[in-house]
Structures are given as structure tokens and as C-alpha cells.
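Welcome! Take a moment to turn the model around before reading on, and then we will walk through it together.

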Amino acid sequence: MVEFKLPDVGEGMHEGEIVKVLVHTGESVQQDQPLLEVQTDKVNAELSAPVTGIIREIFIAEGETVEVGTTLLVIDAGTEAKKEETKLPEKVVSPDKTVHFAPARADHRRSLATPYVRQLAREMKLDIELITGTGAAGRVTEEDLRQFANRLQKSAPAKFPTSAIGNEHPLEASAVAVETEAVVQPKTGIAPRVATSSQGEIERLPLKGIRKKIAEHMVKSVTIIPHVTSVDELEMDQLRALREKVKPHADKRNIKLTFLPFFIKALVIALKEFPMLNASIDDSTNEILLKRFYHIGIATDTSEGLIVPVIKDADHKSIFQLAEEIEQLARLAREGKLTMEHITGGTFTISNVGPIGGLQATPIINHPEVAIISLHKMEKRWVVREDEGVIRWMMNLSLSFDHRLIDGVTAVRFTNRIKELLEDPNLLFAEMV
Amino acid sequence: MVVGEVAVETDVVVIGGGPGGYAAAIRLGQLGKSVVLIEKEVLGGVCLNRGCIPSKALIHTAGEYHKLRSLNKLGIQLPIEKATFHMPSWQTWKSSVVAQLNKGVDYLCQANGVTVVKGTATFLSSDRIGVETGGDFETYKFKQAIIATGSRPFIPSFLKTDGEYMLDSTDMLALDQVPETLAIIGGGYIGMELGMAFAKLGSQVTVIEAAERILLQTAAHLSQEVLKQAKQLGMTVKVATKVEKTELADGRVSLACTSEKNGSEIITAHKTLVTIGRVPNTGELGLAQAGVEMDERGYIPVTSTGRTNKAHIYAIGDVTPGPALAHRATKQGIVAAEVIAGLPSSVDSPFVPYVIFTEPQIAGVGMTREEAELQGYKVKVAAFPYRANGRALAIDEGEGFAEVIVDQESHLLLGMHVVGADASNLIGEGVLALELAARVEDVALTMHPHPTLSEVWLEAAEAVLGHAIHIVNQSKGAVSK
Ligand SMILES: Cc1cc2nc3c(=O)[nH]c(=O)nc-3n(C[C@H](O)[C@H](O)[C@H](O)COP(=O)(O)OP(=O)(O)OC[C@H]3O[C@@H](n4cnc5c(N)ncnc54)[C@H](O)[C@@H]3O)c2cc1C
């Protein structure tokens with residue numbers, strides 16, 4: 001009896017909707033014959049039979065949403081395979097109503113194995129009834145399980161991703177197991193053991209520390225969040241002029257005034273108007289958490305990699321205060337002195353790669369936040385204003401957003417609003433609280 | 001009744017605190033799940049409060065009392081006529097045993113982080129359950145649920161129990177006095193166990209069974225030993241006899257019975273115990289609201305992992321089709337808990353042992369000879385009598401035999417059955433042997449300690465092979481009983 005469970009057909013998916021059930025109870029199916037159609041986030045996947053057999057029970061209905069790992073149906077793989085394993089006297093018909101919890105006192109013609117070996121088979125996702133035992137009186141031994149697993153692995157190499165090398169239970173990707181279960185999960189930190197001498201010299205560095213954490217965090221973020229990026233350009237002339245005017249005042253107070261504080265101010269105003277961008281999703285309860293506070297993360301380049309210190313309650317701080325705090329945090333970051341307190345609790349992140357260059361990017365969202373903005377290089381460009389070509393200071397920004405929560409239209413309206421506020425910074429003051 | 005607006009959220013709710021439910025809840029707690037265990041009466045269920053434990057306490061007491069009569073033979077001289085049985089004292093002792101076990105279950109639930117809620121549970125939907133807690137109504141939202149509401153006696157309307165004259169097993173175990181005369185409708189294991197206990201305590205017992213023989217759950221030649229003993233205890237056992245009508249007059253119940261052999265007859269007794277089967281407690285649970293299906297008899301069909309037709313709702317124990325036994329409920333409970341926690345567990349064994357605490361006890365696991373032959377096996381069977389076992393004679397328990405059923409071709413053990421003293425403990429070896437897929441040689445070659453009753457297995461196994469030491473082997477090779 002093979003329990004067919006909902007596999008993870010998309011990396012990290014939790015549940016799927018059963019769109020179509022293509023078989024019914026009592027029907028015999030061939031291995032690889034489609035059984036069901038399941039819809040996940042964006043994909044429609046067809047799940048096919050891991051073994052040849054008879055469908056004994058179906059536990060789900062069309063339209064039902066079920067979690068990964070839920071048993072969808074049970075296939076009796078017995079009849080064919082059993083014939084060669086045990087010598088069944090002609091008259092025996094085992095009226096096994098499959099799977100009742102405790103088969104009363106019937107069906108003793110199961111393969112012979114100790115409870116421990118049975119448990120091991122379940123862990124290896126093998127149907128023990130398909131295995132010929134080599135032990136005394138035909139008992140299935142631990143060794144038999146491993147041999148069977150190896151054979152299956154060899155016969156189905158394509159289904160066996162390299163990431164499973166060294167896996168103790170190689171059968172996870174076997175034909176008896178649910179084949180699609182072997183989705184390649186990028187496992188950062190595990191160096192592939194591939195011979196490379198013929199291709200040239202390779203230096204191996206351990207993936208560790210902050211880099212490793214960043215790697216894990218990035219993988220998690222892209223695994224969970226369907227990212228979409230939209231790009232726009234801003235005209236910076238008025239903001240530049242404003243900054244020039246204010247700068248001497250800042251200098252007097254020993255404050256290094258960059259453009260970033262103005263961005264943060266504009267951002268906070270826009271976030272208040274588009275609360276979905278200052279939210280997160282609680283995956284465990286399927287709830288959207290709208291945050292009524294504005295903690296802005298500033299992605300900062302350090303020798304170890306990107307660190308994101310957070311400016312708390314940015315909406316309550318003046319432009320000068322913001323400038324001061326940015327400078328302070330950046331210094332701590334460079335000196336490696338940031339504490340957990342400094343880098344947690346953000347609700348939205350700005351990545352400022354402008355000083356270095358670049359036209360556009362797909363910034364990765366800082367999970368569990370739902371959006372991130374990347375600021376690019378400021379440069380003079382030819383643009384058309386009132387039908388005339390003129391030179392203006394222009395800058396691109398890229399906004400990545402969580403498409404589960406935010407639609408393209410909302411995202412563009414949001415950047416439009418930021419654009420409006422920064423292109424005419426007088427509006428910033430009009431909105432200021 | 002106001003339905004609470006705010007549902008308390010939990011990973012799993014377990015409905016019913018019997019041996020199935022509490023085992024599941026404790027295992028879930030061990031595996032780090034948040035669990036709410038809902039019980040409308042007392043933790044421990046039927047088994048602890050009015051089934052296995054109280055009945056075995058009574059059977060043990062009756063056995064000790066009855067033994068007094070044979071002590072004389074062993075040289076212990078007691079004025080037997082002065083020994084009396086005081087049932088109220090027994091009730092006090094029994095209650096203390098039950099209370100101690102109740103406390104133990106309660107403590108284990110606490111220690112494993114299980115929240116125990118007193119009340120009657122009903123499904124409101126497929127992820128909500130309402131609990132009536134005497135005036136209040138609480139709602140729980142769950143990710144998974146385990147139904148473990150057990151079973152109750154089946155009482156047809158013409159045999160209506162009244163707790164006074166017509167009793168079910170619960171009433172019977174709550175009596176304060178041994179009835180002078182006792183009629184028992186139903187010769188199954190509960191009827192025979194309680195019947196023999198009361199006979200030993202002094203009741204005049206008549207068992208009325210509609211089938212051709214008593215103890216249908218076991219092979220006829222095993223139940224025969226019990227029938228022999230019942231007669232020695234002075235019991236009357238009427239098989240193939242149906243109760244048609246009951247009537248109450250002058251503090252006695254009259255049962256109008258018919259049988260082919262005796263035609264119509266009237267049996268009168270001070271008390272009548274009705275024990276003709278059990279029915280699952282599924283009717284009032286609101287299963288339809290949860291979308292959980294039952295079969296036509298009210299049982300909930302489940303898979304080997306305990307799943308119902310709703311993948312996130314499980315059922316275990318007496319509410320599922322199969323033998324109504326506490327150890328089956330417990331095993332199912334543990335498996336369901338483990339499956340919920342993502343472990344690859346399954347109840348995939350056909351070896352559900354049974355134990356009957358009659359005089360003598362019967363216990364078994366695996367197939368009987370008839371079942372094995374029906375499945376097409378060519379079998380070898382051998383039995384070894386208690387009276388050839390030194391220990392059995394030394395404790396004055398010479399009745400009974402152990403029987404081993406083997407596949408002639410492979411010598412695999414197919415079934416092990418025993419009727420006799422301490423059969424309930426002896427069967428442990430049988431269950432292990434069958435689970436380990438042992439051959440009869442495995443048992444025969446294992447050194448069994450002497451002098452013990454366990455040697456009956458050793459010798460029965462050797463007898464199958466034609467070389468038992470303490471009986472004359474009928475022939476070399478295939479030996480039949
Ligand atoms: C006299 C007698 C002797 C027995 N002897 C033996 C024996 O020797 N060996 C053996 O293995 N078995 C024996 N049994 C059988 C054994 O008691 C049952 O198989 C076992 O108790 C079943 O366990 P369970 O967990 O399924 O349910 P139960 O033990 O029936 O427990 C179910 C629990 O659920 C509660 N409940 C029901 N509905 C609700 C609801 N809606 N909300 C909240 N709670 C609810 C009940 O109050 C009960 O406590 C005996 C039974 C009887 C009657």
C-alpha cells in the first residue's frame with residue numbers, strides 16, 4: 001500500500017489547491033499516469049502515480065486546499081509485485097479492505113520483517129511489500145532495504161538531484177517514494193564535492209559567518225516571496241538645490257547631510273498612504289500584519305557583506321536627526337559594532353547603491369518585510385521637458401515588492417507618490433507632521 | 001447557548017480521554033505540539049473507570065476468594081465457612097486503585113503540556129470545535145483533530161437497562177452486594193469474565209448466548225476449557241438461546257427465552273446483566289459539520305495512519321472498525337500523534353493480541369488453525385498441556401494448554417494461543433515472536449527459564465518439530481493436536 005502525499009512541487013510551498021482529480025477509487029493506474037492536478041502559487045502541476053496499482057482510497061476533493069505532506073490517496077501496489085515475492089496458493093484471495101487501522105486477524109501474507117525494519121522502510125519511503133527478502137525464510141533485512149534503494153536510485157538517475165549526494169536516505173527521490181518530493185533545496189554552506197582539477201584551479205573558501213547568514217536569509221526570502229521589481233526615474237534638480245541651501249546649516253552642526261534623509265522622509269509619507277507596503281505576512285496564521293510604525297532599514301556595505309541597520313520611528317525624526325543617525329549607524333556597521341538591537345525590527349528597507357553606480361536592479365526583499373527600494377546612480381541625462389531636450393540630474397529607483405500582497409498598480413502608485421514628493425520637495429514640508 | 005466569538009487556537013484537539021485519547025495527547029505533547037484534550041467525564045475512559053481495570057480488580061478478588069477453598073489441599077487450614085466477602089470494602093479498594101491511576105494520567109498530561117478541558121465536544125466545522133463545560137461554551141480552532149470518543153454498551157430497546165435490575169457492565173461493577181441470582185445476556189468475553197467472577201463470589205449465574213457457543217472471539221477448543229470450568233463453578237450456560245421478553249415482578253427479572261433444544265423457558269434472576277456488544281460514540285459529535293464520514297454502523301473508517309476521509313482529522317480506538325481493545329486504541333493514538341508530528345508511523349500490523357480474563361484465562365495472537373487453513377496455508381499445529389508443566393502443577397494450575405500454529409512449508413509462526421493460568425502474561429512472548437517474524441525453531445531454540453509457565457511455549461514449539469521432552473510426541477514431523 002503506497003500513501004501518495006502532496007509533495008512540495010514548488011520550492012518551499014506549504015499547501016496547494018487540488019484542481020482536478022483524474023482518477024477514482026478502484027481504478028487501476030500505471031506508474032507515471034497522471035493522478036491529480038494541483039495549483040500552487042503560480043504553477044499548475046500534474047502529479048503522477050509513483051507505482052502501478054489500484055487506487056484504494058481518495059481522501060481529497062476537487063477544490064480542497066491541502067498542506068504539503070497530506071495523504072491524498074492510497075494506491076495498492078500489491079497484486080503484481082506480490083506474485084513474484086511470495087508463493088500464494090491459488091485459492092487465497094486476501095480481502096484486504098486496504099488500510100483499516102488494525103486489520104483484525106487477516107492478511108498475514110505481508111512481507112516478513114521485524115517492526116524495526118518496517119519503521120526503517122517507512123523512513124526511507126519504501127514500500128516494504130515490494131521488496132524481496134533475503135533473510136531467513138524470506139525476511140526483509142535492513143540490508144535488503146538499502147540494496148533496493150540503491151537499485152531504484154540507479155534506475156532513476158534523472159530524478160535524483162545532485163543536492164541529495166551524501167543523503168542518508170537516497171531513496172527520497174525514488175520511484176516508490178513520491179518522485180516530486182525531491183525538490184532541490186539550495187543548501188547554502190554545503191560545498192559541492194565535484195572534481196575540478198581538469199578545469200583549472202579553484203580556491204575553496206568556507207561559507208560562514210555573516211556571509212552564510214546573508215546567504216541563508218536571501219534563499220529564504222526568494223523561496224517564500226514572489227518578487228516583482230518595478231523601476232522608475234526621478235528628476236533630482238530641485239532636491240539638489242534644496243540640499244545645497246540647507247547644507248551650510250548642517251555643516252555648522254557637524255552633520256553630514258546626504259540625500260538619504262530626504263528619501264526616508266518621502267518614503268515614510270508614502271508608506272502611511274500605502275499601508276500594504278509597510279506590512280508583513282504571518283505565514284502560520286495566514287494573516288496580514290499592518291504596521292503602524294516606521295522602522296526603516298538602511299542596507300549598508302561592509303567588508304563582511306551587506307548589513308541592514310534600522311532607523312527606528314523614522315516618521316518622528318527630522319531630516320537632520322535622520323542624517324545624524326544614518327552616519328552613526330554606518331560607522332558602527334563599518335566597525336562591526338552593530339548589536340542585534342540595531343539590525344532587527346525593520347518594516348521597510350532602502351538599499352542605496354547610488355554612490356557606486358548601476359542603472360537598475362532586483363533587490364531581494366528583507367523577509368518578512370514586503371518591499372525594498374534600491375536607489376541608483378545620480379547622473380545628468382538628456383530628458384524631454386515641454387517638447388524640448390534639456391539636461392537634468394536624474395536617478396533611477398528599483399522597487400521590489402511581494403506579489404502575494406501587493407499588485408503592480410499599487411506598487412507603481414507608491415513610487416509615483418515618492419517621485420512626486422522628491423521632485424518637488426516643497427511638498428515634503430506640506431506633508432510634514 | 002451562545003457560541004463564543006473568540007476561538008482558542010491550538011495545533012491539535014483530542015476528543016476523549018480514554019487509553020487512545022490520552023496516549024495520543026501525551027505523545028503530541030512530547031513532540032512539541034500544543035494539545036487540548038477534551039473529556040466529558042474522567043480521564044482514563046472506559047478502560048480505566050469502568051472497563052479493564054475495575055473488571056480485573058473484581059476478577060482478581062473473586063479469584064483470591066475462590067482459592068480459599070483449595071488451600072486445604074495445600075495444607076493451609078482455614079475455617080473456610082467463616083470467610084465472607086464484603087463488597088462495599090471491595091468498592092472502596094477498587095475506587096482507590098482507579099483514583100490512583102486517574103491521578104497518574106492527569107499528572108502525565110500536565111507534565112507533557114497537555115491542556116485538559118472538561119466538557120462535551122461537538123464539531124462546529126472542519127477546523128472548529130465547541131465544548132460545553134457545564135453552562136459555558138468554549139470554541140477551539142485546530143489544525144488537526146483526533147476523535148477518540150470510544151464506545152458504550154449496545155442495549156436494544158426491549159432489554160432496556162434501569163440500573164437496578166437490568167444492568168450494563170458499568171452498573172454491574174458499581175454493585176454493593178453480590179446478587180443471589182444473576183442472569184447474563186451475552187456470552188462474550190465481558191459476560192463470561194464478570195459471570196465467572198460473580199459465580200466465584202457466590203452468585204448463582206446463568207449465561208444466555210444466542211450463538212452456538214460462548215466466546216466467539218476465540219477458537220472453539222479454547223473456549224471449551226472455559227465452559228468446563230464454568231460448569232465446575234456451578235454456572236448454567238445456555239447457548240443457541242434467545243431472550244424474547246423481559247418482565248419485572250417481585251424484585252426479580254423474568255426472561256422469556258426460546259431455543260430449538262428446550263423450546264420456551266423462563267429464567268428468573270435478582271439481577272440481569274446485558275452485555276451483547278458495544279456501539280461507537282459518534283452520533284452526537286457533529287461529524288457531518290466537520291465532513292467526517294461514518295460507515296452504516298456508525299464507525300469511522302480510517303487508514304493505517306488513522307486518517308479519516310478528512311486528511312487533517314484522525315480517529316482512533318473503539319470509534320474505528322476493528323476489535324474494541326484498549327491496547328489497540330493506545331497504539332493507534334500514538335501513531336496518529338506521530339503522523340501529525342510528521343513522523344513516518346503506521347499501524348500496519350495484523351497482530352492485535354487478545355486476552356480474556358476468564359477461568360482459565362485465554363490469550364492469543366495471529367491466526368487460529370481454522371483461519372490459517374482458510375487462508376490457504378498448510379499448517380502444523382501442536383499443543384502442550386499445562387499438566388505436563390512442572391510449575392503449573394506446583395502452583396496447582398494444571399488446566400489448559402498452549403498451542404502453536406506453524407506454516408508447514410517455511411516453519412513460520414502463524415499463530416500462538418494459550419488457555420490456562422496467567423495466559424494474559426504469557427502471550428507477550430507470542431506477540432513478540434510473531435512481530436519478529438520468528439520461525440518455530442526460534443522459539444524452540446530459545447532457552448526458557450525453569451520452572452516457569454513460559455516453558456509451555458518452548459515445549460509446544462518443540463512438539464511441532466516432533467521432539468518435545470515432556471510429552472510423548474505423536475509422530476516425528478507434522479504433529480497435530
Ligand atoms: C467491562 C469491560 C472490560 C474491558 N476489558 C478490557 C480488557 O481487559 N482489555 C482490553 O484491551 N480492553 C478491555 N475493554 C475495552 C476497552 O475498555 C476499550 O477498548 C477502550 O477503553 C477503548 O478506548 P478508547 O480510547 O477508544 O475509548 P474510551 O475508553 O471509551 O474513552 C472515550 C472517552 O471519550 C469521552 N467522550 C465521549 N464523547 C465525548 C465528547 N463528545 N466530548 C468529550 N469527551 C467525550 C468518554 O467520556 C470517554 O472517557 C473492556 C471494556 C469493558 C466495558
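Which residue of chain A forms a salt bridge with B:Asp348? The partner is A:Arg122, and the closest N and O atoms of the pair are 3.0 Å apart. A salt bridge here is a side-chain nitrogen of Lys or Arg within 4 Å of a carboxyl oxygen of Asp or Glu. Between chain A and chain B the count is two salt bridges.

A word on how to read all this. This is a predicted model, in which local features need pLDDT of at least 70 and side-chain atom pairs count only at pLDDT 80 or more, while totals for chains, interfaces and linings use all residues; side-chain values use heavy atoms, with hydrogens and water left out. Residues are numbered from 1 along each chain as its sequence is written, and chains are lettered from A and ligands numbered from 1 in the order in which they are written.

Let us stay where the chains meet. There, 33 residues of chain A are in contact with 46 residues of chain B, contact meaning heavy atoms within 4.5 Å. The two chains bury about 3,500 Å² between them, with 54% of it on carbon and sulfur atoms; this buried area is the accessible area (1.4 Å probe) that two parts lose on being put together, summed over both.

Helices (H or I, at least four residues) and strands (E, at least two) are DSSP runs, numbered from the N terminus. Apart from neighbours within four places in sequence, B:Glu435 is in contact with A:Arg110, A:Ala113, A:Thr114 and A:Pro115, as well as B:Ser349 and B:Phe351. B:Glu435 counts as buried because its relative accessible area is 14%, where buried means under 20%, exposed over 50% and partly exposed in between (1.4 Å probe, protein chains only).

Now follow chain A. An unreviewed UniProt entry places the feature "domain: Peripheral subunit-binding (PSBD)" at residues 112–149 of chain A; such annotations may be inferred rather than shown by experiment. Over residues 112–149 the chain is 45% helix and 0% strand, and the end C-alpha atoms lie 18 Å apart. Chain A as a whole has 10 helices and 17 strands, and buried residues make up 43% of its 433 residues.

What about the binding site in chain B? The unreviewed UniProt entry puts it at B:Lys56, B:Thr149, B:Gly150, B:Ser151 and B:Asp318. B:Lys56 is found in helix H3 (residues 52–71) of chain B, and its relative accessibility of 22% is why B:Lys56 counts as partly exposed. Not counting residues up to four places away in sequence, B:Lys56 touches B:Glu193 and B:Phe357. B:Thr149 sits in the loop between strand S6 (136–147) and strand S7 (151–153) of chain B. With the residues up to four places away in sequence again left out, B:Thr149 touches B:Ile15, B:Asn281, B:Leu285 and B:Val319.

Our last stop is B:Lys242, in strand S12 (residues 241–249) of chain B. Is B:Lys242 buried or exposed? B:Lys242 counts as exposed, because its relative accessibility is 52%. Leaving aside neighbours within four places in sequence, B:Lys242 is in contact with B:Ala210, B:Ala256, B:Cys257 and B:Thr258.
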